[in-house]
Amino acid sequence: MKVQPLDERVLVEPLEQEEKVGSIIIPDTAKEKPSMGKVIAVGTDEELKKILKPGDKVLFGKYAGEEIKIEGKKHLIIKLEEILATVQ
Amino acid sequence: MKVQPLDERVLVEPLEQEEKVGSIIIPDTAKEKPSMGKVIAVGTDEELKKILKPGDKVLFGKYAGEEIKIEGKKHLIIKLEEILATVQ
Amino acid sequence: MKVQPLDERVLVEPLEQEEKVGSIIIPDTAKEKPSMGKVIAVGTDEELKKILKPGDKVLFGKYAGEEIKIEGKKHLIIKLEEILATVQ
Amino acid sequence: MKVQPLDERVLVEPLEQEEKVGSIIIPDTAKEKPSMGKVIAVGTDEELKKILKPGDKVLFGKYAGEEIKIEGKKHLIIKLEEILATVQ
Amino acid sequence: MKVQPLDERVLVEPLEQEEKVGSIIIPDTAKEKPSMGKVIAVGTDEELKKILKPGDKVLFGKYAGEEIKIEGKKHLIIKLEEILATVQ
Amino acid sequence: MKVQPLDERVLVEPLEQEEKVGSIIIPDTAKEKPSMGKVIAVGTDEELKKILKPGDKVLFGKYAGEEIKIEGKKHLIIKLEEILATVQ
Amino acid sequence: MKVQPLDERVLVEPLEQEEKVGSIIIPDTAKEKPSMGKVIAVGTDEELKKILKPGDKVLFGKYAGEEIKIEGKKHLIIKLEEILATVQ
């Protein structure tokens, strides 16, 4: 079973605090806290496929995306324009 | 009798909870719950026909589309841009 | 005497419940009830003429169009983008 | 003395009820009552000149246009996009 | 000393009631009263220069433009799109 | 030390009342009072460089731009589209 | 570990008051106070790379960008269009 995002959307699994990369910490006090997640699947848009691939870690705005559950785990479907940065 | 959506619209029959695909569960607590449905007919747009076909299962936002009844069953007419992903 | 819609507009005569096509029923409880009507005249736009012709039955959103009366009968002038589907 | 509308604007003289064309009656109860008028002058836009000419009778939305008086008579300067249809 | 409007803007000197052209009277009761003025300078846009020249009398919406004083006289800097018509 | 505006922005030093050019006076009662200033630096946009240069006197809307201080003096960074006219 | 902004975004480290360049002081009373920062990383957009590079000092609006922490230090991810000027 597979969720394939359409167009410029990305399926992202949010990372728990302890999984977050190294020293990036997103403060609780930020007015619009960006969150971090792992890319699970990229949409059908050709340009998008050049920018992101499954496994990439990404930062996105607090209110970005729509929430679904896959095998009991929370995921988000987020538009590319709402993804702020990759984290390596 | 046939409903033929115009342009980039899709006629979708929402899936009941028990019909939903495998392990995708849409939580009641999500701020904008996406829903799942089966594509019944695709619009007249040529690009749309390459992306979706009757029988495809799709995820869409909670407030997406306009509701009609066909032979007593609820259906939705949804624009492509409101369809988040396909589910296989 | 003739009303000729301009551009991408369509002159539509709304259908009474009993005239509606077969088994499509538009529920009273839908948040934005689409309505059904018969196309009387299509606008001057060339693309529009390929999509709709007089006599077609169409579904449109509850608040679509502007109301006029012709020979005592209510009609609507609706933009193509507000027409959801044709019904055959 | 002459008022020459600019661009896609049209100078229209609203028609009194008794002058209105044949059987088109615009009901008082319509949420956005379109009105009828006679085209007095068309704007400088070349495409507009192909669509409307002085003497044409047109339907337009209730709040369309800006009001001026010429020789004591109320007129409206209306944009083409606010003109719904011609009446013949 | 000279005020040169930029782009599609026009410098206009509003006309007092007694200077207004012939029989055009702008009623006090109109919801958005257009006003009349004389063009003093046209902006740097090439297309604009083909449409208006200094000395032209123009009609514009009541809230159009920004007010400045030149040698004690009220003037307005108005965008072309807010000019409704010329008056000859 | 130098502030170089980006894109279509202009660095402007507002003029005190006594420095204002000749007879242009901006009334206190105008709903959106335009102000006058001297261009200090123009942005990186090529078209902008053809329109304005350092030393030009410009009129701009009351709420235009963002305020900074350079060597104790108030300056504004204003977008070209908010500059109404040059004054010579 | 590296944060790579996407598209036209820039990773900026805000400058403390004492680090600010020379005589530019941003007053507390400005309605929308621009702030100053140092560019840490530029996005993937080719045009952006011609305009800004790591180490550049930039001015940006008070509400620009989204806040993250890297190794305990506050950073901002800001879109190019929200960057007002460079400071040299």
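A salt bridge is taken here as a side-chain nitrogen of Lys or Arg within 4 Å of a carboxyl oxygen of Asp or Glu. The structure examined is a predicted model, in which local features need pLDDT of at least 70 and side-chain atom pairs count only at pLDDT 80 or more, while totals for chains, interfaces and linings use all residues. Residues are numbered from 1 along each chain as its sequence is written, chains are lettered from A and ligands numbered from 1 in the order in which they are written, and side-chain values use heavy atoms, with hydrogens and water left out.

Read from the N terminus, the order of elements in chain A is β-β-β-β-α-β-β-β-β. Of the 88 residues in chain A, 56% are buried; buried means under 20% relative accessible area, exposed means over 50%, and partly exposed lies in between (1.4 Å probe, protein chains only). Contacts are defined by heavy atoms within 4.5 Å. When contacts in chain A between residues at least 6 apart in sequence are considered, 61% join residues at least 24 apart.

Strand pairing can be followed in chain E. Two strands are said to pair if DSSP finds at least two bridges between them. Strand S2 (residues 9-14) of chain E runs antiparallel to strand S7 (residues 73-79) of chain E, and four bridges join them. Within this pairing, Arg9(E) has Lys79(E) in S7(E) as its bridge partner. S7(E) also pairs with strand S6 (residues 66-70) of chain E, again in the antiparallel sense, over five bridges. Here the bridge partner of Ile68(E) is His75(E) in S7(E). The hairpin of S6(E) and S7(E) has two residues between the strands, and in it Glu71(E) takes a positive phi near 45°.

Positive phi values also turn up elsewhere. Asp7(D), although not a glycine, has a positive phi of about 55°. The residue sits in the loop between strand S1 (3-5) and strand S2 (9-14) of chain D, and Asp7(D) counts as partly exposed because its relative accessibility is 45%. In chain F, Asp7(F) has a positive phi near 55° and is found in the loop between strand S1 (3-5) and strand S2 (9-14) of that chain. With a relative accessibility of 44%, Asp7(F) counts as partly exposed.

What does Leu6(B) touch, not counting residues up to four places away in sequence? Its partners are Gly43(B) and Thr44(B), together with Ile51(C), Leu80(C), Ile83(C), Leu84(C), Ala85(C) and Thr86(C). Leu6(B) lies in the loop between strand S1 (3-5) and strand S2 (9-14) of chain B, and counts as buried because its relative accessibility is 5%. Leu6(B) and Ile77(B) are 71 residues apart along the chain, with 9.6 Å between their C-alpha atoms.

Attention now turns to charged residues. Side chains of opposite charge can pair when their charged atoms come close. Over all chains, the structure holds 28 salt bridges. One of them joins the side chains of Lys50(A) and Glu47(A), at 2.9 Å from N to O. Both residues belong to helix H1 (residues 46-51) of chain A, three residues apart, or about one turn of the helix. Lys50(A) is exposed at 64% relative accessible area, whereas Glu47(A) is partly exposed at 45%.

In chain E, Asp56(E) forms a salt bridge with Lys53(E), with 3.1 Å between the closest N and O atoms. Asp56(E) is buried, at 15% relative accessible area, while Lys53(E) counts as exposed at 52%. In chain G, a salt bridge brings together the side chains of Glu13(G) and Lys73(G), at 3.5 Å from N to O. Glu13(G) lies in strand S2 (residues 9-14) and Lys73(G) in strand S7 (residues 73-79) of chain G, so the pair ties together parts that are 60 residues apart in sequence. Glu13(G) is buried, with 18% relative accessible area, and Lys73(G) is partly exposed, with 47%.
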